[in-house]
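Here is a set of questions and answers for a reader meeting this structure. They cover strands, salt bridges and pockets.

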Amino acid sequence: MSKPIEIRNPRTGKYDYVIIPPPEKLLVQQCHRLRRAQKSWFDLGLDGRIDTLLEWKDAINSMRDKLMEALVIDTGRLSVSKLEIDSFVTSIDRWCRLSSRLLQDKEKGTSISFINVQQTAVPYGLVGVISPWNFPLLLSTIDTIPALLAGCAVIVKPSEITPRFMAPLMNAVNAVPKLRDILTFIEGDGKTGATLVENVDLVCFTGSVETGQQVAIAAAQRFIPAFLELGGKDPAIVLESADIELATSAILWGSVVNSGQSCLSIERIYVAKNIFAEFYHKLIAKAHQLNLAYPTLESGEIGPIITERQAAIINEHLQDAVAKGAVIHCGGEVEEIGGGWWCHPTVITEVNHEMKLMNEETFGPIMPIMSFSTVEEVIELANDTFYGLSAAVFSESRDEALEIARKIDAGAISINDAGLTSMIHEAEKNAFKFSGLGGSRMGASALTRFLRKKAFLIKTKDNYDPWWFNQ
Ligand code: NAD
C-alpha cells in the first residue's frame, strides 16, 4: 500500500483532501493492460475513435457541475476554471475535425515510374502524460486528446497539488465503455511520475525545467520519445509607435491572468524610452482596478497563489529586486489571507538583468518594466534568457513588429496582443532553449508526433529493375 498524500486547499490553507498513489506493481500491471487494449482502440478506426471521444464530451458536459466544483477547489479560482472547462470541451471537437483530414493513408507515385509509395503510420502503444498544477484540466488533456485520436492508449498523471478534478473526469471516462480500457488518470507525486516514465512508450511532460531534465534523461535511457513543455520568462516589447492604451490592457491580461501562474505569462516588459513613463502610469492605473477574489470567488479577478512554494519564490524575487534598487508602484508582496496566499498585481520599475525577477521564472502577477533606446538593445535584452517559450511585440507597424519577432528566440510571438498561444491552437510552435523539446503540441504536428511513419514501397509493373544484377 502506498503512503497517502495530504492535499492543501489553496484558499483556506487546510489539508482537506487525500490521494493514494497506486503501488508500483499495480501501476506496471495497469500499463500492460492499457497497452494490450490499445490494439482494439487502433482497430476501431479513426471514425470509431472520433465517435468515442464525442461520447466522452457528452459525458463531461453532463458532469460539468461536479468537474467545475472540484477544479475550483483545486485552484481557488472561478472564471479561469470555467474557461479551462470550455477550452477543454471545445478542443475535443477541434481535434476530431482536424484528425479526419490528417490521418488518412495515401498512395502516390514516386520518382521511379514503376514504384508507388503507400504512406501510413503506426501509433505508439501507450502514451504517458505528466502535467503540472497551474491549469490542471487543460494541461492533463492537451496532449491526451490528439494521442487518443492518433490511436494510442493514454495514462495521465496530473499534479499532486491539484488532484480533485480527476474523480469527476474519471467518472466521465468510465461512462464511455470504449474509452475506459484505453484511458486512465492516476493519482500520485513525482515518484509515481518517474515510475510512469519507466513503463510507457512515449512521454508528454509539462512542468518545470528541473523535472523536465530528469524525465528527458529517463526517457533517453529507455530510448522513448519525450515531448517536453517547460517553463518560460516571456518578454513583451512595446515600441514607440505602439497603441499604449491597447498595449497596457493586453500586457496586464498577459501578465496577471491566473495570477501570473502560466508558462506563457509576460514576465518582462521592455518599453521604448519616450513612452516609458506614460506606459507604466497607465499600467499602474489599470492594475489598481483589479481585485483579489477574496473573501468570495466572485470578489475579484485575481485568485490565490496555488502553492506555498510558489508564494515563497515570488516574495524572494520581489525582495531581491528591491534590495538591488527596484521600485514597487503597486502590489509588492504575497500575503497570507484566510490561510491562502494572495498577491495584488504588481508594477515594478528600476529593474535590471542582475535581478532574479528578470531572469528566473517568477510565476506570479508581477510586471517588471525596463526602458530601452534602440531596437538592437531590446532584442538583446529579450534574448538574454535561459528560456524561449513565447513573447509579444507591440507596434503600429506590423512589418516593424514582425522584423523584431523574427529575431526573438522563442516559439510563438503574439503581435499587438499577449499570450495568444493559450487561445490559438492552429499555429505550430517549438520551444526554444530550455523551454522545451520535441514536436509541436499545436497544429497538425500535435497529432502526427504520436505516429511512427511507415512506408509501403510497391512495385506496380512486372519488370526487372534496371539496378538489379543482370541475371
Ligand atoms: P513540476 O516539474 O514540479 O511537476 C510537474 C509534474 O511532474 C507533476 O505532475 C509532478 O508530480 C511530476 N514529477 C515530479 N518529479 C517527477 C519525476 N522525477 N519524474 C516524472 N514526473 C515527475 O512542475 P509544476 O510546479 O507542477 O509546474 C509548474 C511549471 O510548469 C512551471 O515551470 C511552468 O512554466 C511549467 N509549465 C509549462 C507549460 C508549457 O506548456 N510549456 C505549461 C504549464 C506549466
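Two strands pair if DSSP finds at least two bridges between them. Helices (H or I, at least four residues) and strands (E, at least two) are DSSP runs, numbered from the N terminus. The model is predicted: local features need pLDDT of at least 70 and side-chain atom pairs count only at pLDDT 80 or more, while totals for chains, interfaces and linings use all residues. Residues are numbered from 1 along each chain as its sequence is written, and side-chain values use heavy atoms, with hydrogens and water left out.

Q: In which sense do S15 and strand S16 pair?
A: S15 covers residues 346-349 and S16 covers residues 366-372. Three bridges join the two strands, and Ile-348 has Pro-368 as its bridge partner in S16. The sense of this pairing is parallel.

Q: Which residue stands opposite Ile-348 of S15 in the antiparallel pairing with strand S12?
A: S12 (residues 327-330) runs antiparallel to S15, and three bridges join them. The residue that faces Ile-348 is Ile-328.

Q: Are the residues on the two faces of S15 buried or exposed?
A: Buried means under 20% relative accessible area, exposed over 50%, and partly exposed in between (1.4 Å probe, protein chains only). One side of S15 carries Thr-346 and Ile-348, and the other carries Val-347 and Thr-349. Both faces are covered, and these four residues are all buried.

Q: How many residues apart in sequence are Asp-143 and Arg-441?
A: A salt bridge is a side-chain nitrogen of Lys or Arg within 4 Å of a carboxyl oxygen of Asp or Glu. Asp-143 and Arg-441 form one at 3.0 Å, N to O, and both are buried. Asp-143 lies in the loop between helix H5 (136-141) and helix H6 (144-150) and Arg-441 in the loop between strand S19 (436-437) and helix H17 (445-448), so the pair ties together parts whose separation in sequence is 298 residues.

Q: Which residues are linked in a network of salt bridges with Asp-143 and Arg-441?
A: The whole structure has 21 salt bridges. The network that holds Asp-143 and Arg-441 also includes Glu-229 and Arg-449.

Q: In which helix do Lys-282 and Glu-278 both lie?
A: The side chains of Lys-282 and Glu-278 meet in a salt bridge at 3.9 Å, N to O. Lys-282 is partly exposed at 27% relative accessible area, and Glu-278 is partly exposed at 45%. They are four residues apart, about one turn of the helix, and that helix is H12 (residues 276-288).

Q: What volume does the largest pocket have?
A: On a 1 Å grid over the protein atoms alone, a pocket is an open set of points where a 1.4 Å probe fits, with protein on both sides within 12 Å along at least five of seven lines; lining residues have an atom within 4 Å of a point. The largest pocket is lined by 49 residues, and among those nearest its centre are Trp-133 and Arg-309. Grid points are joined across faces, edges and corners, and a volume is the space filled by probe spheres set on the points. For the largest pocket this volume is about 1200 Å³.

Q: Which element gives the most to the lining of the second largest pocket?
A: This pocket has a volume of about 580 Å³. Its lining has 32 residues, with Leu-138 and His-425 among the closest to its centre. The elements that give two or more residues are helix H4 (79-102) and H5. The most, nine residues, come from H4.
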